[in-house]
Amino acid sequence: MPVIPQYTLTYFDLMGKAEVTRMLFNYAGVKFTDKRVKFEDWPALKEKQPFGQLPVLEVDGKILFQSRAIEKFLARQFGLIGDDDFEAAQVDQYILSVDDVMNNLRPAFFEKDPTKKAELLKKLFEEHGVPGLKRFEGFLKKNGSGYFVGKKITLADFAVFQSLLYFKKLISESVLNDFPELEKFYDRVSKNEQLKPYLQTREEKLFP
């Protein structure tokens, strides 16, 4: 029998940049240690990390850092990176596109005033989020399988799904009303038998 690696994922007690990784583990049914760092403990731990940030993944004593590198490593391990090199590149393009859209919203996350934060988030979402959703709607429709790459679920779907969750929580639960393909996609992933138990029990904590 193949030896199953010992995995330890270290991140803060929120979704953030570790949630797609947690979804991958739960989808694959692979056990891992979900180590959650308290923010008050972070200053003492920061300099001990390879790049001074989280998440990090320990695999049998070897360390990986950078969330997307961790996700792609696990996606390869779990058969969620596409069926060939071209599909793997497509997975990359959608992940990077998610990052482009979400990074454009980041200025709102650092605004302290609640009223200004809401106004800025709404403005940035209209400028960047809505065009991004339109493009993702088109990509999904063009692929025709109900998923973004090939005919089965991949890492790209996990990344897009999680970004849609953020939009629902930060903007409105009805944010996908004008995007029927994305609405069906979100529902499809939510009801995936391998993911559903985790999605129904996880704490949807976006911020500290």
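Predicted model: local features only at pLDDT ≥ 70, side-chain atom pairs only at ≥ 80, totals over all residues.
Stop 1: Select residues 7–79 together with 195–200, and colour them as domain 1. Then select 85–191, which is domain 2. Domain 1 is made of two stretches of the chain, 7–79 and 195–200. The C-alpha centres of the two domains are 21 Å apart.

**Stop 2: the contact.** How many residues does each domain bring to the contact? Domain 1 brings 14 residues and domain 2 brings 15. About 1,300 Å² is buried between the two domains. Carbon and sulfur atoms give 69% of that area.

**Stop 3: a salt bridge.** Select K72 and D92 and show their side chains. They meet in a salt bridge, 3.0 Å from N to O. Across the interface of domain 1 and domain 2 there are two salt bridges. Three residue pairs are in polar contact between the domains.

**Stop 4: the domain 1 side.** Which elements give two or more residues to the side of domain 1 that touches domain 2? Select α1 (19–28), α3 (67–77) and α9 (196–201). Of these, α1 gives the most, with five residues. Now colour this side by class. It has eight nonpolar residues, one polar residue and five charged residues.

Methods:
Residues numbered from 1 in each chain as written. Heavy atoms only, no water. Domains from an automatic or database assignment. Contact = heavy atoms within 4.5 Å. Buried area = accessible area lost by both parts, 1.4 Å probe. Salt bridge = Lys/Arg side-chain N within 4 Å of Asp/Glu carboxyl O. Polar contact = N/O pair within 3.5 Å; in protein donor to acceptor, adjacent residues only side chain to side chain. Helix = DSSP H or I, 4+ residues; strand = E, 2+ residues; numbered from the N terminus. Nonpolar A, V, L, I, M, F, W, Y, C, P; charged D, E, K, R; others polar.
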